[in-house]
Amino acid sequence: MNDSKQQQNESIEHYQASGIKRWLYTTNHKDIGTLYLGFSLLMLFIGGGMAMVIRAELFQPGLQLVEPNFFNQMTTVHGLIMVFGAVMPAFVGLANWMIPLMIGAPDMALPRMNNWSFWILPFAFSILIGSLFMDGGGPNFGWTFYAPLSTTYSNDNTALFVFSIHIMGISSIMGAINIIVTIFNLRAPGMTLMKMPLFVWTWLITAFLLIAVMPVLAGTVTMVLTDKYFGTSFFNAMGGGDPVMFQHIFWFFGHPEVYIMILPAFGIISTIIPTFSRKKLFGYHSMVYATVSIAFLSFIVWAHHMFTTGMPLAAELFFMYSTMLISVPTGVKIFNWIATMWRGSLSFEVPMLFAIAFIVLFTIGGFSGLMLAITPADFQYHDTYFVVAHFHYVLVTGALFSIIAGVYFWLPKWTGHMFNIRLAKIHFWLSLISVNVLFFPMHFVGLAGMPRRIADYALQFADFNMIISLGGFAFGLSQLLFVYCVVQCFRGGEKVPAKVWDGAEGLEWQVASPAPYHTFATPPEVK
């Protein structure tokens, strides 16, 4: 009882604080969610700026703007920033905002740790980006930092890269612990696990994945650090080590990591589709089981990134079939979303447009992933632009589109104001067209053999690369409309009712969970 009074007093003091002090010391889940989302938006534009440098260099064959070494630094830091700085913090921000509201909790379970897990992130990325401006430049060995590129042939600023990765990992683990404790301990009375909204379920599973794999990444970068500076030979064949072992350890982290970046997206889409279909989510239980299956299978498919390293045939067959198997629960999800829309009372609001685009384009990414799963075919596709097309369809039209959909969906609830719907729809159509102009031709140049991560290319790829670059510039610029819509909404606009997306039938604005609890759960009276 005393604890709750103390928390109440701290909350009152928090709202009395103003300016920078409020944001530095805040333990309020909504404020911390806003900080995460704002930070991820900043990182999106910094990482996107690096992508623009890459596409400007590849606009024409030959070297015109940057040196190959700097080009490699751009590809490396672009990948790291987009994965750890844009996508993951955005999902954590949405989790901070929405999970307490969805389960009827007063706040996150560990509010001080919540504050700390955010405020160490700006330091991590300051170290990473700052290394670009130092003698020797930043990391130039790709975001996967394969040994011996990162251990033998890298510059002396590798230590800064390792330190920044450690801090990002610490932040992720603290955030995951907080989410698990909140979901297990602070649910409203009567809300069983199988009554939780899908977004809460996907984040619970994602949090366990984070706790399982982030220490693996920490171990990997620590071994890189000691190989580079302290004379160890984990990945050095001359000292009895094995550079292929690096890939096994890294991808044991790396493959669950890509599911960490897409499972919360599944939760967002499972919230938006039922709302604008005016129906309950089709197959709620099967969605939960499919999510658990994806999480489990994500740990046994890592070596499909390594088909060209000379694995035994039995291992290649195992990883090929297990990779194909993981498409089954993903297919269950896509089927359930389509079945939810089937014969529903659909309305095509902005979040619904992004959600439908997600389903179509994420499926394209899934099919190209199935092509990459076939071992003999992967021998041809490996390290070409076909792989780049695949994972960008999964992570841009997948993770990023779902984040934008979630922001548009919940923004009126957060601010009390409606965004400019006309501008938001223009933003959607510009993004949809430009993202396909950007990534779809990459399939063609990849199948024709254009290697990735190279600053120059053969003359026959020139026309497609020009189109790809134009699509990239258009996609990047169209996101400025998104920022304008968000800022305008925060500053004011048309007031919204309590049931923001209420339909003509008078249904609740959110009907994703099978229980009488909706997105914003109200705890029943406690007798």
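Close-up 1. R22 is partly exposed because its relative accessibility is 25%, where partly exposed lies between buried (under 20% relative accessible area) and exposed (over 50%), computed with a 1.4 Å probe on protein chains only. D31, at 6% relative accessibility, counts as buried. The two side chains form a salt bridge, 2.9 Å from N to O; the term means a side-chain nitrogen of Lys or Arg within 4 Å of a carboxyl oxygen of Asp or Glu. The model is predicted, so local features need pLDDT of at least 70 and side-chain atom pairs count only at pLDDT 80 or more, while totals for chains, interfaces and linings use all residues. Residues are numbered from 1 along each chain as its sequence is written, and side-chain values use heavy atoms, without hydrogens and water.

**Close-up 2. The salt bridge of D383 and R452.** Their side chains meet at 3.6 Å, N to O. D383 is partly exposed, at 34% relative accessible area, whereas R452 is buried, at 15% relative accessibility. By the rule used here, the count of salt bridges is two.

**Close-up 3. Contacts of F125.** Contact means heavy atoms within 4.5 Å. Leaving out residues up to four places away in sequence, F125 touches F39, M43, L80, I81, F84, G85, G130 and M168.
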